[in-house]
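Colleague: Can you take me through this model? I would like to go over the fold first and then some individual residues.

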Amino acid sequence: MPEHVGPHVKLVFAEMARQRMTYDSLEERSGVRRATTKAWRRKNRPGLESLEAALATLGFGFCPVPSLEALPAELAGELTALALKLRMNIPQTWAALIDIGVEQKLLRMRADERAAVLAEHDTRRLRHDNDNTPQQRAGESAASTI
């Protein structure tokens with residue numbers, strides 16, 4: 001694989017090999033065309049939606065996190081200490097903190113609200129499709145009906 005290929009693309013191909021997943025199977029499950037995925041090796045860089053769909057199909061999420069250098073020094077120190085205690089790296093620690101935050105929010109909600117938040121959280125983490133359907137942002141639907 002060429003040097004210019006990013007680590008996220010290398011992860012996709014490494015996991016495909018480890019899980020013995022074919023290009024056709026990845027296309028069927030993720031919605032990312034076989035030719036598109038093959039082109040990531042040599043000439044094209046993946047778009048965010050395609051990358052997220054491929055990674056989700058392989059059992060991974062894509063969650064951007066700030067680097068330690070981008071955080072205030074006090075917070076960076078506390079996050080590093082927590083990561084060491086948990087024996088995790090920084091991205092794993094961020095993911096754990098996000099999950100804890102979702103759980104805490106759920107504890108304070110009614111059952112129907114809880115179900116809606118869980119469904120949204122699961123959709124984001126385990127999205128296996130890439131239908132390229134335009135999505136409306138919150139507030140756009142009200143503006144478009146006027």
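Modeller: What follows goes from the chain as a whole to single residues. This is a predicted model, where local features need pLDDT of at least 70, side-chain atom pairs count only at pLDDT 80 or more, and totals for chains, interfaces and linings use all residues. Residues are numbered from 1 along each chain as its sequence is written, and side-chain values use heavy atoms, with hydrogens and water left out.

Colleague: How many helices and strands does the chain have?

Modeller: The chain has 8 helices and 0 strands. Helices (H or I, at least four residues) and strands (E, at least two) are DSSP runs, numbered from the N terminus. In order from the N terminus, the elements read α-α-α-α-α-α-α-α.

Colleague: What share of the residues counts as buried?

Modeller: Of 146 residues in the chain, 25% count as buried. Buried means under 20% relative accessible area, exposed means over 50%, and partly exposed is in between, with a 1.4 Å probe and protein chains only.

Colleague: And of the contacts between residues at least 6 apart in sequence, what share joins residues at least 24 apart?

Modeller: That share is 50%. Contact here means heavy atoms within 4.5 Å.

Colleague: Let's do helix packing. At what angle do α1 and α4 pack?

Modeller: Helix α1 (residues 7–18) and helix α4 (residues 48–57) pack at about 35°, and their axes are 10 Å apart. Axes are lines fitted to C-alpha atoms, for helices over the stretch in contact, and angles run from 0 to 180 degrees between N-to-C directions.

Colleague: Is the crossing of α1 and α4 left-handed or right-handed?

Modeller: The crossing of α1 and α4 is left-handed. The term left-handed applies if the near helix is turned anticlockwise from the far one by less than a right angle, and right-handed if clockwise.

Colleague: Which residues meet there?

Modeller: From α1 there are His8, Leu11 and Val12, and they meet Leu51, Ala54 and Leu55 of α4. By class, the contact of α1 with α4 has 5 nonpolar residues, 1 polar and no charged ones. Ala, Val, Leu, Ile, Met, Phe, Trp, Tyr, Cys and Pro count as nonpolar, Asp, Glu, Lys and Arg as charged, and the others, Gly among them, as polar.

Colleague: Stay with Leu55. What does it touch, leaving out residues up to four places away in sequence?

Modeller: Leu55 touches Leu11, Val12, Phe60 and Phe62. Leu55 counts as buried because its relative accessibility is 2%. From Leu55 to Met16 the C-alpha distance is 9.7 Å, with the two 39 residues apart in sequence.

Colleague: How many aromatic pairs are there?

Modeller: The count is 1 aromatic pair. Rings of Phe, Tyr and Trp (its six-membered ring) pair if their centres lie within 6.5 Å; planes under 30 degrees apart count as stacked, over 60 as edge-to-face and the rest as tilted.

Colleague: Why is the pair of Phe13 and Tyr23 classed as edge-to-face?

Modeller: The ring centres of Phe13 and Tyr23 are 6.4 Å apart and the planes stand at 65°, so the pair is edge-to-face. Phe13 is in helix α1 and Tyr23 in helix α2, 10 residues apart, and the pair links distant parts of the chain. Both Phe13 and Tyr23 are buried.

Colleague: Switching to Ser30. Buried or exposed?

Modeller: Ser30 is buried, with a relative accessible area of 0%. Ser30 belongs to helix α2 (residues 23–30).

Colleague: What does its side chain reach?

Modeller: The Ser30 side chain reaches the backbone nitrogen of Val32 at 3.1 Å. A polar atom of the Ser30 side chain also lies 2.6 Å from the backbone oxygen of Leu26.

Colleague: Which loop holds Arg20?

Modeller: Arg20 is in the loop between α1 and α2. Arg20 has a positive phi of about 55° although it is not a glycine. Arg20 is exposed, with a relative accessible area of 76%.

Colleague: And where is Arg87?

Modeller: Arg87 is in the loop between α5 (73–86) and α6 (90–107). Its phi is near 55°, a positive value in a residue other than glycine. Arg87 counts as exposed, at 79% relative accessibility.

Colleague: Last one, Arg33. Buried or exposed?

Modeller: Arg33 counts as exposed, at 57% relative accessibility. Arg33 is placed in the loop between α2 and α3. Arg33 and Tyr23 are 10 residues apart in sequence and 8.5 Å apart in space, C-alpha to C-alpha.

Technical notes
Polar contact = N/O pair within 3.5 Å; in protein donor to acceptor, adjacent residues only side chain to side chain.
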